[in-house]
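Here is a short report for a reader meeting this chain for the first time. Keep the model in view while reading.

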Amino acid sequence: MASEEIFLVLVHYRGSIKRKTRSGVKFTDKDPLCIIVTPTTTYDALVSSVLEKLGLEGVKRVKKFFYRIPTAVLHDTVKFDCFTIGSEEDLQVMFLSRRQFPEVRTPELLAKLVDVVSSSGGSNRNANTIAAVAGSSSRPAVASSSAPVYEPPMQPVASPSFAVDLSGNVGDEVRYGEHIPTEMTMTLSRI
């Protein structure tokens, strides 16, 4: 593989998109990540690289990338617009654009990160503890304070063959017809 096929991509993950600048579009993050890619890099591999470098695997996911795409070269100024990358095909646009505009040596992306949603429907917005992996000071490990909770399934009694005095009044008569419907009995009547 030739060295010109390997290139650097700046990935912004904080900040926002600033429009109407002299060059068109600009990303406002001052501390982007540096990711090395090749034209054969897949969308999933790019997403994985970003989350791994940030130490956010399993906590955040990349919803999409915004690509600062060159649109024109006027004298010594490159004009940019914003292109959304959310698939393999969209990522190929960045590689093709890089060949068309060799003046832009380092492509820039802005990653839109969102919380990972758990299987119960809640998101991982709890406080996370970041610590170093044993034996490594360069790679953070993320420990979540949430743990799955086991709740045994509730099995309602659906047998009308007996009546029980739930108030504990010994000797009182339990009568039919003095029944106040509750959510439980309404649910049972639909079964």
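Leu8 sits in strand β1, which covers residues 7–12. This is a predicted model. Is Leu8 buried or exposed, or does it fall in between? Its relative accessibility is 33%, so Leu8 counts as partly exposed.

**The chain as a whole**

The chain has 191 residues, and 27% of them are buried. It holds 3 helices and 9 strands. Read from the N terminus, the order of elements is β-β-β-β-α-β-β-α-β-β-β-α.

**Salt bridges**

Side chains of opposite charge can pair when their charged atoms come close. How many salt bridges does the chain have? The count comes to 3. The table sets them out.

| Salt bridge | N to O distance |
|---|---|
| Asp81 and Arg19 | 3.7 Å |
| Asp115 and Lys60 | 2.9 Å |
| Arg68 and Glu108 | 2.8 Å |

Take the pair of Asp81 and Arg19, joined in a salt bridge at 3.7 Å. It links distant parts of the chain, 62 residues apart. Asp81 belongs to strand β6 (residues 77–85), and Arg19 to strand β2 (residues 17–21). Asp81 has a relative accessibility of 36%, so it counts as partly exposed. Arg19 is partly exposed too, at 48%.

Next come Asp115 and Lys60, which meet at 2.9 Å. Asp115 lies in strand β7 (residues 108–115) and Lys60 in strand β5 (residues 60–74), so their bridge ties together parts 55 residues apart in sequence. Asp115 has 18%, so it counts as buried. Lys60 has 26%, so it is partly exposed. The last pair is Arg68 and Glu108, with their closest N and O atoms 2.8 Å apart. Arg68 lies in strand β5 and Glu108 in strand β7, so this bridge ties together parts that are 40 residues apart in sequence. Arg68 is buried, and Glu108 is buried as well.

**The cavity**

Rolling a probe the size of a water molecule over the atoms shows where empty space is left. How many cavities of 30 Å³ or more does a search of the whole structure find? The search finds 1. The space in this largest cavity is about 40 Å³.

Which residues line the largest cavity? They are Tyr67, Arg68, Pro70, Ser97, Arg98, Phe101, Val104 and Pro107. Two elements, β5 and α2 (88–100), each give two or more residues to this lining. Strand β5 supplies the largest share, with 3 residues. By class, the lining has 5 nonpolar residues, 1 polar residue and 2 charged residues. Arg68 is part of this lining, and Arg68 also forms the salt bridge with Glu108.

**Positive phi angles**

Lys20 is not a glycine, yet its phi is positive, near 65°. Lys20 lies in strand β2. With a relative accessible area of 83%, Lys20 is exposed.

His75 also has a positive phi, of about 55°, although it is not a glycine. Where does His75 lie? Its place is in the loop between β5 and β6. The cut-off for exposed is over 50% relative accessible area. His75 stands at 81%, so it counts as exposed.

**Far in sequence**

Arg22 is found in the loop between β2 and β3 (24–27). At 68% relative accessibility, Arg22 counts as exposed. How far apart in space are Arg22 and Phe80, C-alpha to C-alpha? The distance is 9.5 Å, while 58 residues separate the two in sequence.

Note on methods. Residues numbered from 1 in each chain as written. Predicted model: local features only at pLDDT ≥ 70, side-chain atom pairs only at ≥ 80, totals over all residues. Heavy atoms only, no water. Helix = DSSP H or I, 4+ residues; strand = E, 2+ residues; numbered from the N terminus. Buried < 20%, exposed > 50% of the residue type's maximum accessible area, 1.4 Å probe, protein only. Salt bridge = Lys/Arg side-chain N within 4 Å of Asp/Glu carboxyl O. 1 Å grid on protein atoms, 1.4 Å probe; cavity = no way out; pocket = protein on both sides within 12 Å on 5 of 7 lines; lining within 4 Å. Points joined across faces, edges and corners; volume = space filled by probe spheres on them. Nonpolar A, V, L, I, M, F, W, Y, C, P; charged D, E, K, R; others polar.
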